[in-house]
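Keep the structure open beside you as you read.

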Amino acid sequence: MAPTLQVEYVLEPGEPLGVLEREALGASMVVVGSDHVPWFERLLRSRVAGTLALHSPCPVVVVPE
């Protein structure tokens, strides 16, 4: 028998990366969609999914479109 999975959807005001980092502190895993940012925009702002995966205290799963 597969273990049950508890899924929580959260809607919080704020910058996406900051909110996700705070939520990751109490999570077993964070699942996010992939960033589709053109290369020239990456120079001006960070990639949320990649940065979260590098700094999160829990596993991060990035799901492609």
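Bear in mind that this is a predicted model. Start with the largest pocket, which has a volume of about 680 Å³. A total of 18 residues line this pocket, and those nearest its centre are Glu8, Ala27, Met29, Val30 and Val31. If you'd rather think in secondary structure, H1 and strand E1 (30-33) are the elements that give two or more residues to the lining.

H1 is a handy link to the next stop, helix packing. Two packed helices are described by the angle between their axes and the distance between the axes. Here, helix H1 (residues 16-24) packs against helix H3 (residues 48-55) at an angle of about 30°, and their axes are 10 Å apart. Angles under 35 degrees count as roughly parallel, so that's how H1 and H3 run relative to each other. The crossing of H1 past H3 is right-handed.

Now zoom in on who touches whom. From H1 come Pro16, Leu17, Leu20 and Glu21, while H3 brings Val48, Thr51, Leu52 and His55. Sorted by class, that contact has 5 nonpolar, 2 polar and 1 charged residues.

How values were computed
Residues are numbered from 1 along each chain as its sequence is written. This is a predicted model: local features need pLDDT of at least 70, side-chain atom pairs count only at pLDDT 80 or more; totals for chains, interfaces and linings use all residues. Side-chain values use heavy atoms; hydrogens and water are left out. Axes are lines fitted to C-alpha atoms, for helices over the stretch in contact, and angles run from 0 to 180 degrees between N-to-C directions. Helices (H or I, at least four residues) and strands (E, at least two) are DSSP runs, numbered from the N terminus. Angles under 35 degrees count as roughly parallel, over 145 as roughly antiparallel, 65 to 115 as roughly perpendicular and the rest as oblique. A crossing is left-handed if the near helix is turned anticlockwise from the far one by less than a right angle, and right-handed if clockwise. Contact means heavy atoms within 4.5 Å. Ala, Val, Leu, Ile, Met, Phe, Trp, Tyr, Cys and Pro count as nonpolar, Asp, Glu, Lys and Arg as charged, and the others, Gly among them, as polar. On a 1 Å grid over the protein atoms alone, a cavity is a set of points where a 1.4 Å probe fits but cannot get out, and a pocket is an open set with protein on both sides within 12 Å along at least five of seven lines; lining residues have an atom within 4 Å of a point. Grid points are joined across faces, edges and corners, and a volume is the space filled by probe spheres set on the points.
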